[in-house]
Amino acid sequence: MKFFVDTAVISEIAELNELGMVDGVTTNPSLILKSGRNILEVTKEICDLVDGPVSAEVVATKAEDMIAEGRKLAEIADNIAVKVPLTWDGLKACKVLSGEGRMVNVTLCFSANQALLAAKAGATFVSPFIGRLDDINIDGLQLIADIRTIYVNYGYETQILAASIRTANHMSECAKIGADVATAPAAVIKAMANHVLTDKGLAQFTADWAKTGQKIL
Ligand code: G3P
């Protein structure tokens, strides 16, 4: 499973990138706001830092305007994936932009039907939001599994980009289901390293080592 980092904060991306943990980056208007940066400037910096796809989201709501914004965002770098919302206009924009050979990430997907439409419209990625479904007591991981089944049934090449990931458990569950990509905040990716038995075992080893009176260096 590929790891994308869901942030527009350069330092967070850089830290994970040094460890080879970054296969791409996703941003959205809320993350741009959080970064406090200009969208064109920060997106260019991210594209320079990361080899993989960098999603940059349009903000227009009409297909024609989304297409114009998408073309402008795509000019930033070759690794831009234009992010459009899963609305009827967004699907129209997806069809046009993907037809021009651009990567398109169709976002705000909350149902299997929406994911089916994104694949038909030629999306490179579809982004189902797990956490926001869990928030309203709908099983977000089940949606990932349903989309996987549908895409396998018909051989769709659209990649499932699991989004709105809130926990390390979401990451391993997505990997078990077979999501192509999971995008998560840096803190969630780092939390994947944590285990209470690792902490306990390390504390024991440290205490026992001190009793040996030895040094390695
Ligand atoms: O990738 C989508 C993500 O940014 C949304 O996450 O936690 O706001 O639902 P969240």
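The shell around the ligand splits into two nonpolar, three polar and three charged residues. Keep in mind that this is a predicted model. As for where the ligand sits, the space it takes is the largest pocket.

**Around the ligand**
- The residues surrounding the ligand are Asp6, Asn28, Phe129, Arg132, Ala163, Ser164, Arg166 and Thr183.
- Asp6 puts a polar side-chain atom 2.6 Å from an oxygen atom of the ligand.
- For Arg166, a polar side-chain atom lies 2.7 Å from a ligand oxygen atom.
- Asn28 also has a polar side-chain atom by a ligand oxygen atom, here at 3.0 Å.
- On its own the ligand exposes 310 Å², and the protein buries 81% of that.

- The largest pocket holds about 410 Å³ of space.
- It's lined by 23 residues, and the closest to the pocket centre are Asp6, Asn28, Leu31, Lys34 and Pro185.
- Two elements give two or more residues to this lining: helix 2 (29–35) and helix 10 (186–191).

**Where the two pictures meet**
- Asp6 turns up among the residues closest to the pocket centre, and its side chain has a polar atom 2.6 Å from a ligand oxygen atom.
- Asn28 is likewise one of the residues closest to the centre of the largest pocket, and it belongs to the set surrounding the ligand.

Conventions. Residues are numbered from 1 along each chain as its sequence is written. This is a predicted model: local features need pLDDT of at least 70, side-chain atom pairs count only at pLDDT 80 or more; totals for chains, interfaces and linings use all residues. Side-chain values use heavy atoms; hydrogens and water are left out. On a 1 Å grid over the protein atoms alone, a cavity is a set of points where a 1.4 Å probe fits but cannot get out, and a pocket is an open set with protein on both sides within 12 Å along at least five of seven lines; lining residues have an atom within 4 Å of a point. Grid points are joined across faces, edges and corners, and a volume is the space filled by probe spheres set on the points. Helices (H or I, at least four residues) and strands (E, at least two) are DSSP runs, numbered from the N terminus. A residue is near a molecule or strand if one of its heavy atoms lies within 4 Å of it. A polar contact is a pair of N or O atoms within 3.5 Å; within protein, one must be able to donate a hydrogen and the other to accept it, and residues adjacent in sequence count only if both atoms are side-chain atoms. Accessible areas come from the Shrake-Rupley method with a 1.4 Å probe; for residues, only the protein chains shown count as cover. A molecule sits in a cavity or pocket if more than half of its atoms lie within 2 Å of its grid points. Ala, Val, Leu, Ile, Met, Phe, Trp, Tyr, Cys and Pro count as nonpolar, Asp, Glu, Lys and Arg as charged, and the others, Gly among them, as polar.
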